[in-house]
Every structure is written in structure tokens, then in C-alpha cells.
Amino acid sequence: MEAKLKNKVCIVTGATSGMGKAIAELYHEQGAKLVLSGRNLERGNQLAKQLVNSIFVPGDVGDATYNQTLVQTAITTFGQLDIVVLNAGILGLGNVVDLPIETWHKTMETNVSSIFYMAKFAIPVLQEHGGNLLINSSIAAFKSFPNHPAYCASKAATIGLMKQLAVEYAPNIRVNAICPGPVDTPLIWDSAKAFDEPEAAVENAKNATLLKRLGSPEDVAKLALFLVSEDASWITGTAMTIDGGILNA
Ligand SMILES: NC(=O)c1ccc[n+]([C@@H]2O[C@H](COP(=O)([O-])OP(=O)(O)OC[C@H]3O[C@@H](n4cnc5c(N)ncnc54)[C@H](OP(=O)(O)O)[C@@H]3O)[C@@H](O)[C@H]2O)c1
């Protein structure tokens, strides 16, 4: 079967861990050339070594010029840009009363402003030949979690931004979001720290899904592949949940 992303040039943010890493690996399997983004040098360099036709560019997605560098790297290294997966994210845990104002801003910068920055620099390039933006949002866009005010607000904002971009840049650029439920990555274990008994919180999240398991990064990567591929050529402006049924439980 023909590779679904043959010679497509993709930027994947948050590629050094969890879902971003699984997405990068699956896109690579499907023929993509990759610009990998993250801050952890060891994990980023290791992944770039593992994936032929990939380059790791370390930096902070909350920095506008870093997003511009990622786009420029795609052009200078691979000659084009087709797909951007906006996956990097942090939790910014703490209730509103105790949450430091800096943590609020950092969470908004990492989870939302980064998407605005990347869109600003990537869209003019994507418009030339058509392309895709895919945002990793969360079910936290629709459902509240204790001690996650910055996270819930930021993830809801990503859906608003996704819809706006989808309208403004159709038909050349498709823009979608995925909204995972509890997925077994380092982030869910950090998220559990917001509860009195973290281990029990992860177990409860698993049991609260209709399918009685946590998602795997690979489960999410398959949806991330579908949405940027030609198989999804009539899908834009959509926030697709992938949550083991937890929102409907
Ligand atoms: N796990 C879940 O249950 C779940 C559910 C719904 C949605 N999500 C969302 O899915 C996305 C991926 O999360 P994950 O669960 O795979 O978590 P993860 O394993 O903790 O990965 C997070 C990634 O984001 C990168 N990152 C964080 N802040 C960054 C910054 N300022 N600049 C550059 N890179 C940054 C990290 O890179 P470095 O470590 O190299 O800095 C890492 O690669 C996030 O947006 C998260 O909100 C997760």
C-alpha cells in the first residue's frame, strides 16, 4: 500500500515525548520528512537519529521566533512544508486562588499562543500548495478537572482558534483538532498530582472510560495520521474526541 505521507514535510511539536513522539514515528513510517520540536536535547537528538529524514530543532514553542525558525528549517532542509502538528502542551496545575500568575501566562503561551505564532509563520507557506494544521487539544476543552483552570481554559481556546483558522484559510488549508481523553504518557501522571491520591486518580480515569483502558500514544497517532492524510480530505474545522468514550460515560 502507498505510504500515506510520502515526501510530505511535517513539523511536529512536542515530539520528544508521549503522543508527539508516537505521531512523529508513525508519520515517518508513512514516508514523511520531519522537523522535530521540543526542549529536551537528549530525547530530541535520539529521535532524530532514529528517524531518517528528520531534524531536531530544540526550543520553546512559547517563543514566537522559535516557531518562525521551525518553518524556515522545513524550507531550508526539505524545500517545503505540508503539515504542522501543534502538540506541545503543559498542565499549569493549581487552583485559581493559588496558581501563580506566571504559571497562568506560561500555560497560555505554551498551549495557545504557540498555535497563533506557528499559524502566523506557517500559513503563508502552506497556502502556496495546500496543507494541514492539526492541534492536539483535549477533552479538557469541554470538561472541567479540579486544579486545572489554566489547562481547561487554554484547551478550550485552542478549539476556538482552530475553528477560526479553518474558516479563514479554507479551502487551501485544512485545520482540525484532536481531543484525547486519558492517554498513558508522562503528562497524565503529572496531571494526577492534582488529586489527593494520584495513582487512584489514573485508575479512576481508566475505569471511567467506556472501553476500560487508558489510551496509548499510538491510538492517538493513528487519528493524527488520518486527519492530515488524503483520507480526511473533506474534514476541516472539526474537534474530534478520542477518549475511550469517557465524555459519554
Ligand atoms: N496525556 C493525556 O492524557 C492528554 C490528554 C489530552 C490531551 N493531551 C495533550 O496532548 C499533548 C501531548 O501531551 P503528552 O500527554 O504526550 O505529554 P508529554 O509526554 O508530557 O509531552 C509533552 C511534550 O510537549 C513538549 N513541550 C512542553 N512544553 C514545551 C515548550 N514550552 N516548548 C517546546 N516543547 C514543549 C515536551 O517537550 P520537552 O519535554 O522536550 O520540553 C514534550 O515533548 C499536550 O498538548 C497535552 O495537553 C494529553
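Mentor: We need one definition to begin with: two residues are in contact if their C-beta atoms, placed from the backbone, lie within 7 Å. Please also keep in mind that this is a predicted model.

Trainee: Which elements cover the buried residues of helix 4?
Mentor: The buried residues of helix 4 include T107, V112, I115 and L126. What covers the buried residues of this helix includes helix 3 (64-78), strand 4 (83-86), strand 5 (131-136), helix 5 (149-169) and strand 6 (173-180).

Trainee: Which residue of strand 2 is the bridge partner of C10?
Mentor: Strand 1 (residues 9-12) has both faces covered, with V9 and I11 buried on one side and C10 and V12 buried on the other. Strand 1 pairs with strand 2 (residues 33-38) in the parallel sense, over 4 bridges. Within strand 2, the bridge partner of C10 is L34.

Trainee: How many residues in the shell around the ligand are charged?
Mentor: The ligand is surrounded by 27 residues, of which the closest are G14, G18, G38, R39 and G89. Helix 1 (18-29) and helix 6 (186-192) are the elements that give two or more residues to this shell. The shell divides into 10 nonpolar residues and 15 polar ones, while the number of charged residues is 2.

Key. Residues numbered from 1 in each chain as written. Predicted model: local features only at pLDDT ≥ 70, side-chain atom pairs only at ≥ 80, totals over all residues. Buried ≥ 20, exposed ≤ 12 C-beta atoms within 10 Å, placed from the backbone. Near = placed C-beta within 6 Å. Nonpolar A, V, L, I, M, F, W, Y, C, P; charged D, E, K, R; others polar. Pairing = 2+ DSSP bridges.
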